[in-house]
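Thanks for coming. I will take one structure today and go through it piece by piece, starting with a term I need.

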Amino acid sequence: MRSIKSWQASAILNRSPAGPTMGFHYSLNPYRGCSHACRYCYARESHTYLDLNVAEDFEQQLFVKENLRERLRSELIRVPLDAVIAVGTVTDPYQPLEGRHQLTRTAIELLAESGHAFTLTTKSPLIERDLDLLEPLGRRGQLGVHISLMSLDRELLHRLEPGTSPPARRLEMIRRVHERGIPVGTFAAPIIPVLTDGKESLDALFEALKDAGSDWIMTSSTRLSAAIRPYFFDQVHAFDPAAAETIRSLYHDTQFVDQAYRRRLETLLRTLYQRHHMSRTGPLLRPYRTEAQMEFHFD
Ligand code: SF4
């Protein structure tokens, strides 16, 4: 049974534990939990900090950071202007909740005002609602959008990401964001052994993404923490027992896939990046400085 609760967050911006090596300095998540329900989602583990489980609780016990507007403005004043902020690292900022609560839109309005560079990551067409706000930010180099799409196989995606939009719709999102002049890349990730790592299917995915207007493609193998592994293997086992066993054998009870597998995957990916003349990273984002924006920081 779905429950949506109000949450008074002690902080809206969280400093990246890995520092800028991840490409951002702070993360911003307007919600906790995510009804997109991706089976491999590493963020599931964050629900255990609330004494909730990584399975249905993560998808159904959702929290709305009601105090986002007041807190975010005061936090942004203290964040250096050259810091990059990633919106949507442990929840999809455009999951269905956003339609009603509009906290992501509020965050974008505040970031437009503060001038900080930021990225937005989503699988949801709801981002199109905000293209009016995002277009000028993208055109002035303050924003990069990531659409996540790991496979063109609609059936498989329905099993692995049951709450998300189908691949054709996500390609359409990329097209629409690109047409607005906003830098847009794709997270073609995570790549799951057996299920999404086929040479032909990845080649077709790269081709479709390039054709849709993806300016870059980021890839990564699947990380499965100890908290997620049993849940993930059970989910895959339910529709493909043989694949579940092969994946399990490649993880050796660790969170990372076997090194030899990673090397083979990297060789394949290198060929695909070359073949499609595709970049692995997006443009360097820059903060936007105006007089009003300087006042935002120093009033
Ligand atoms: S959309 Fe992102 S945050 Fe939401 S369940 Fe999927 S991977 Fe996790």
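When I say helix, I mean a DSSP run of H or I with at least four residues, numbered from the N terminus. With that in hand, His252 is found in the loop between α10, residues 241–251, and α11. One caution before I go on: this is a predicted model.

Stay with His252 for a moment. His252 is not a glycine, yet its phi is positive, about 45°. Is His252 buried or exposed? His252 has 10 C-beta neighbours inside 10 Å, so it counts as exposed.

Next, the helix that follows that loop. Helix α11 covers residues 259–275, which is 17 residues. How many of the 17 residues of α11 are buried? The number is one, so α11 lies largely in the open.

Just after α11 comes His277, with a positive phi of about 50°. His277 sits in the loop between α11 and α12, the latter being residues 291–298. Here too the positive phi belongs to a residue other than glycine. His277 has 7 C-beta neighbours inside 10 Å and therefore counts as exposed.

There is also a pair of residues to look at in this part of the chain. Glu207 and Met278 are 71 residues apart in sequence, but C-alpha to C-alpha they are 9.8 Å apart in space. Glu207 belongs to helix α8, residues 199–212. With 15 other C-beta atoms within 10 Å, Glu207 is classed as partly exposed.

Now the sheets. One of them is an open sheet of seven strands, in the order β2-β3-β6-β7-β8-β9-β10, with mixed pairing. Its edge strands are β2, residues 13–15, and β10, residues 216–221, and each pairs on one side only. From one strand to the next, the twist averages 25°.

Inside that sheet, look at β6, residues 84–87. Which way do its residues point? Val84 and Ala86 point one way, Ile85 and Val87 point the other way, and all are buried. As background, side chains in a regular strand alternate between the two faces of the sheet.

What does β6 pair with? On one hand there is β3, residues 26–28, which runs parallel to β6 and is joined to it by three bridges. The bridge partner of Ser27 in β6 is Ala86. On the other hand there is β7, residues 117–122, which pairs with β6 in the parallel sense over four bridges. In β7, Thr119 stands opposite Ala86, and Leu120 stands opposite Val87.

One more item from this sheet is in β9, residues 184–191, where Pro190 lies. The peptide bond joining Ala189 and Pro190 is cis, with omega about -5°.

There is a second sheet to show. Three strands form an open sheet in the order β1-β5-β4, and the pairing is again described as mixed. β1 and β4, the latter at residues 31–32, stand at the edges with a single partner strand each, so one side of each has no neighbour in the sheet. β1 runs parallel to β5, residues 61–65, and five bridges join them. Among the bridge partners, Lys5 goes with Phe63 in β5, and Trp7 goes with Lys65 in β5.

Last, the ligand. Which residues are around it? They are Cys34, His36, Ala37, Cys38, Cys41, Ala43, Thr91, Asp92 and Lys123. By type, this shell divides into five nonpolar, two polar and two charged residues.

Methods:
Residues are numbered from 1 along each chain as its sequence is written. This is a predicted model: local features need pLDDT of at least 70, side-chain atom pairs count only at pLDDT 80 or more; totals for chains, interfaces and linings use all residues. Helices (H or I, at least four residues) and strands (E, at least two) are DSSP runs, numbered from the N terminus. The expected span of a helix is 1.5 Å times one less than its number of residues. A residue is buried if 20 or more other C-beta atoms lie within 10 Å of its own, exposed if 12 or fewer, and partly exposed in between; C-beta atoms are placed from the backbone. Two strands pair if DSSP finds at least two bridges between them. A residue is near a molecule or strand if its C-beta atom, placed from the backbone, lies within 6 Å of it. Ala, Val, Leu, Ile, Met, Phe, Trp, Tyr, Cys and Pro count as nonpolar, Asp, Glu, Lys and Arg as charged, and the others, Gly among them, as polar. Axes are lines fitted to C-alpha atoms, for helices over the stretch in contact, and angles run from 0 to 180 degrees between N-to-C directions.
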